Amino acid sequence: MGSNDHDAALAVVQATSVPIHDIGTAAYLSPDIAGWAAEWGWSNPFAFYFAGRGGMLGDVGADVVTAAFGWFAPSAVHAMYSEGIDVAGPTGAATRMAEAHGKWGEKHYGDIEGLEEIVAVAEELVDGLEGSALPLFVGWRDAARAGSAPGRAAQLMQILREWRGGNHLVATTAVGLSPLEAILTNEGPGQAKFFGWQEPFPDSAAIKQRHVEAEEITDRLCASGLAEALAEARYSDFEAGVALLRAAAP
């Protein structure tokens with residue numbers, strides 16, 4: 001890949017990574033998905049999150065899920081994942097999680113013009129990406145996809161969120177950040193507590209630069225993957241499609 005090709009792919013990655021992340025957050029934290037989870041037997045939406053997302057890895061234990069999630073405190077993963085899989089097992093939870101994202105997309109994306117083309121370019125990218133060292137991404141990619149374009153659009157954004165997240169876990173590990181340090185050097189103590197870590201937290205000011213390095217590595221990894229999976233002529237379609245999906249998300 002030449003420098004011009006890399007620069008073009010990098011620009012797309014940098015323009016779409018935050019919107020894709022925000023779409024996934026909007027879905028995961030939505031009252032819609034919490035409500036459907038409750039109907040299916042998960043009264044605790046966080047238990048559904050851990051079991052449904054972690055269940056994409058298959059019938060595995062909490063230590064495997066902890067390793068794949070990367071930044072959550074192990075105690076939080078063990079508690080929430082164990083509670084969540086008690087309802088329907090790991091694969092049952094994963095099936096429901098994919099269904100929930102499809103239903104969320106059908107609720108929020110039904111009025112987007114040109115949605116089938118957005119789905120087509122996102123699916124072309126997703127299906128062409130390399131999955132080495134990215135088990136959650138591959139697990140989500142292998143899950144059943146919705147038959148409708150709105151449902152599939154939401155699922156594809158989640159799959160791409162896992163792709164970016166997996167690459168970022170590779171990057172934070174590569175620069176020598178522990179899971180807790182990766183959180184503290186990024187979003188800080190408040191996010192660390194949300195991820196289940198207990199105070200007091202160490203001062204991370206001296207290693208803040210490692211987070212910047214990890215973000216740069218993540219961007220490069222994603223840009224290389226995008227350039228291999230998607231023709232440059234499709235970049236603008238993909239970028240515009242992500243912008244439309246982000247604008248329609250609550």
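The model is predicted.

Start with the largest nonpolar core, which has 82 residues. Within this core, Trp 104, Tyr 109, Leu 160, Leu 226, Phe 238 and Leu 245 touch the most other members. Helix H1, residues 3-28, supplies the largest share, 10 residues.

Leaving aside residues up to four places away in sequence, the contacts of Phe 238 include Val 12, Thr 16 and Ile 20. Phe 238 also touches Val 121, Ala 122 and Leu 125. Leu 160, Leu 226 and Leu 230 complete the list.

Now turn to helix H5, which spans residues 74-108. His 101 is in this helix. Is His 101 buried or exposed? His 101 counts as buried because its relative accessibility is 1%, and the cut-off for buried is under 20%. Its contacts, again without residues up to four places away, are Ala 27, Tyr 28, Ile 33, Trp 140, Gly 151, Ala 154, Gln 155 and Gln 158.

Glu 99 has 34% relative accessibility, so Glu 99 counts as partly exposed. Thr 172 is 73 residues from Glu 99 along the chain. The C-alpha atoms of these two residues are separated by 31 Å.

Helix H4 covers residues 62-69. Which residues of H4 are buried? They are Ala 62, Val 65, Thr 66, Ala 68 and Phe 69. An α-helix has 3.6 residues a turn, so residues three or four places apart point the same way. After H4 comes Gly 70, with a positive phi near 90°.

Phe 46 is found in H3. Phe 46 is partly exposed because its relative accessible area is 42%. Phe 46 forms a nonpolar surface patch with Leu 29 and Phe 194. Together the three residues have about 330 Å² of accessible area.

Finish at helix H12, residues 235-248, where Ser 236 has its place. Ser 236 has a relative accessible area of 48%, so Ser 236 is partly exposed; the cut-off for exposed is over 50%. How far apart in space are Ser 236 and Asp 127? Their C-alpha atoms are 18 Å apart. In sequence, Ser 236 and Asp 127 are 109 residues apart.

Note on methods. Residues are numbered from 1 along each chain as its sequence is written. This is a predicted model: local features need pLDDT of at least 70, side-chain atom pairs count only at pLDDT 80 or more; totals for chains, interfaces and linings use all residues. Side-chain values use heavy atoms; hydrogens and water are left out. Buried means under 20% relative accessible area, exposed over 50%, partly exposed in between (1.4 Å probe, protein chains only). Helices (H or I, at least four residues) and strands (E, at least two) are DSSP runs, numbered from the N terminus. Contact means heavy atoms within 4.5 Å. A nonpolar core is a set of buried Ala, Val, Leu, Ile, Met, Phe, Trp, Tyr and Cys residues joined through side-chain atoms within 4.5 Å. Patches are made of residues with over 30% relative accessible area and no salt bridge: like charges are joined within 9 Å, nonpolar side chains (Val, Leu, Ile, Met, Phe, Trp, Tyr) within 5 Å. Accessible areas come from the Shrake-Rupley method with a 1.4 Å probe; for residues, only the protein chains shown count as cover. A salt bridge is a side-chain nitrogen of Lys or Arg within 4 Å of a carboxyl oxygen of Asp or Glu.
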